[in-house]
Amino acid sequence: MAEDSDLEKTESPSPQRLEKAREDGDVPRSRELATFTVLLAAGGGIWFSGDRLIRQLESMLVSGLGFGRVLAFDSSALFARLGASLGELLAVFVPIALLLIIVALVSPAVIGGWLFSTKALQPNFGRMNPVRGLGNLVSSNAAMEFGKTIAKTMLVGVVAGLVIWQQKDAVLALSVESLHEAGAHLASLLWISFITIAGALGVIVLIDAPYQVWHHANKLKMTRQEVRQEAKESDGDPQIKAKIRAQQREMARRRMMSEVPTADVVVTNPTHYAVALKYADGAMRAPKVVAKGADEVAAKIRELAGAHHVPMLEAAPLARALYRHAELGDEIPEALYTAVAEVLAYVFQLRAYRQHGGVPPEIPGELDVPPQLDPLNAAAQATNNNGGMQ
């Protein structure tokens with residue numbers, strides 16, 4: 001059952017899947033919206049430029065019916081007048097054509113936004129597969145498109161029929177009106193019919209546009225397995241990432257170990273912790289931790305320190321405090337300055353003794369480590385507080 005659920009497309013498309021679909025030219029589009037907006041633009045353009053258009057057509061008709069002697073014997077004059085008439089006609093229709101081109105380019109961006117994808121122009125021979133073509137004919141999307149076409153035809157047909165039926169008396173009355181009145185009346189009837197039929201198309205657009213958005217998102221839905229695979233591809237394979245982190249830790253440990261021979265002293269627990277400190281007078285504001293570790297890493301630090309004759313000092317509270325509160329490469333906390341100063345003083349005296357001889361320095365006794373910085377004391381204090389509360 002779990003495997004079946006993993007194969008069902010129940011998950012919303014991820015941003016990566018949506019972006020890939022967009023790169024492939026697959027975005028939600030509503031042809032009904034494009035048709036509706038272009039139709040409104042055409043009707044509006046004709047409405048606002050109708051008077052000028054009618055006057056221009058009337059002028060062309062009058063000019064075309066006129067035939068003088070010059071036109072009869074001079075063909076160039078005839079072509080000149082024809083060109084002038086066509087130029088005047090284009091001057092009226094070009095603004096409407098430009099308006100339609102702009103609306104046709106802008107209207108698809110209402111749903112899906114602007115998109116230019118060369119992948120959609122590339123040949124795809126899979127679309128020529130007859131089996132796939134037959135499958136598309138009986139798909140749910142094809143059924144929806146067929147039903148939408150039938151509904152649109154019926155709705156527009158019914159609305160157009162009702163409009164014509166309601167205006168039949170007015171249409172018949174045009175025959176008894178004067179030419180001027182009939183022209184104005186006919187224009188009014190045509191505009192009312194246009195608005196009514198366009199309104200019916202608007203109802204279809206209000207249904208189709210949300211459906212196209214839903215259908216596109218539903219088509220790109222993902223299975224749980226696809227979501228996991230995409231997360232693995234984007235974030236990386238967890239096993240590979242674990243190996244990379246392990247390699248990074250190993251490289252960091254090697255760099256840290258290379259600093260142990262240059263340390264001034266290694267403070268130990270004696271076996272659980274080891275912290276290597278380095279201090280250069282004038283170059284550092286305070287001693288820095290160049291290496292630290294616990295258990296096996298601590299043993300390796302002690303081994304390297306012994307091999308390179310780096311002094312080691314057993315100071316359990318200080319080692320625990322440094323390991324817990326001082327990060328690798330950072331200066332020691334100010335609260336530990338006094339304790340570390342005693343350690344470094346011992347180390348410098350030991351170094352002088354080894355070089356010049358004399359009286360060996362005394363190993364520092366109990367160092368001044370604040371109890372709250374010692375993890376062992378802090379844990380014991382927390383245990384006592386919990387016991388007292390109980």
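A charge is said to sit over a ring when NZ of Lys or CZ of Arg is within 6 Å of the ring centre and within 35 degrees of the ring normal. In this predicted model, the charged end of Lys292 meets that description over the ring of Tyr323, at 5.1 Å from its centre. The protein has 390 residues, of which 29% count as buried, and its chain forms 16 helices and 6 strands. Among contacts with a separation of 6 or more, 74% are between residues 24 or more positions apart.

**Annotated transmembrane regions**

- An unreviewed UniProt entry places the feature "transmembrane region" at residues 33-49, 92-117 and 186-207.
- In the model, residues 33-49 are 94% helix and 0% strand, and the end C-alpha atoms of this span lie 24 Å apart.
- Residues 186-207 are 100% helix and 0% strand, with 32 Å between the end C-alpha atoms.

- Ser107 is located in the loop between helix 6 (75-106) and helix 7 (130-137).
- Ser107 counts as buried because its relative accessibility is 6%, and the cut-off for buried is under 20%.
- The side chain of Ser107 makes a polar contact of 3.5 Å with the side chain of Thr37.
- Leaving out residues up to four places away in sequence, Ser107 touches Leu33, Ala34 and Thr37.
- His216 belongs to helix 10 and counts as buried, at 10% relative accessibility.
- Beyond residues up to four places away in sequence, His216 touches Leu18, Asp26, Val27 and Pro28.

**Aromatic pairs and charges over rings**

- A pair of aromatic rings is described by the distance of the centres and the angle of the planes.
- The count of aromatic pairs comes to 3.
- One of these is the stacked pair of Trp191 and Phe194, with 5.5 Å from centre to centre and 25 degrees between the planes.
- Trp191 and Phe194 are about one helical turn apart, because 3 residues separate their positions in helix 10 (residues 179-219).
- Trp191 is partly exposed, with a relative accessible area of 27%.
- Tyr273 and Tyr323 form a tilted pair, with centres 4.7 Å apart and 45 degrees between the planes.
- Tyr273 lies in strand 4 (residues 273-278) and Tyr323 in helix 14 (residues 316-325), so this pair ties together parts that are 50 residues apart in sequence.
- Both tyrosines are partly exposed: Tyr273 has a relative accessible area of 24%, and Tyr323 has a relative accessibility of 28%.
- Tyr323, a member of the tilted pair, is also the residue whose ring lies under the charged end of Lys292.
- Elsewhere, Lys168 lies over the face of Trp165, at 4.1 Å from the ring centre.

**Nonpolar cores**

- In soluble globular proteins, nonpolar side chains tend to be buried together.
- The largest nonpolar core in this model has 24 residues, and those with the most contacts inside it are Val267, Leu277, Leu318, Leu322, Leu336, Val340 and Val343.
- Strand 3 (265-268), strand 4, helix 14 and helix 15 (337-356) are the elements that give two or more residues to this core.
- Helix 15 supplies the largest share of the core, with 7 residues.
- Val343 is in contact with Val265, Val267, Leu313, Leu318 and Leu367, when its neighbours within four places in sequence are set aside.
- A second, separate core has 14 residues, including Met257, Ala274, Ala298 and Val310.

**Backbone with positive phi**

- Most residues other than glycine have a negative phi.
- Asp295, which is not a glycine, has a positive phi of about 55 degrees.
- Asp295 sits in the loop between strand 5 (288-294) and helix 13 (296-307), and its relative accessible area of 48% makes it partly exposed.
- His309 is likewise not a glycine and has a positive phi of about 55 degrees.
- His309 is placed in the loop between helix 13 and strand 6 (312-314), and it is exposed, with a relative accessible area of 64%.

How values were computed. Residues are numbered from 1 along each chain as its sequence is written. This is a predicted model: local features need pLDDT of at least 70, side-chain atom pairs count only at pLDDT 80 or more; totals for chains, interfaces and linings use all residues. Side-chain values use heavy atoms; hydrogens and water are left out. UniProt positions are given in the numbering used here, feature names are shortened, and annotations may be inferred rather than shown by experiment. Helices (H or I, at least four residues) and strands (E, at least two) are DSSP runs, numbered from the N terminus. Rings of Phe, Tyr and Trp (its six-membered ring) pair if their centres lie within 6.5 Å; planes under 30 degrees apart count as stacked, over 60 as edge-to-face and the rest as tilted. Buried means under 20% relative accessible area, exposed over 50%, partly exposed in between (1.4 Å probe, protein chains only). A nonpolar core is a set of buried Ala, Val, Leu, Ile, Met, Phe, Trp, Tyr and Cys residues joined through side-chain atoms within 4.5 Å. Contact means heavy atoms within 4.5 Å. A polar contact is a pair of N or O atoms within 3.5 Å; within protein, one must be able to donate a hydrogen and the other to accept it, and residues adjacent in sequence count only if both atoms are side-chain atoms.
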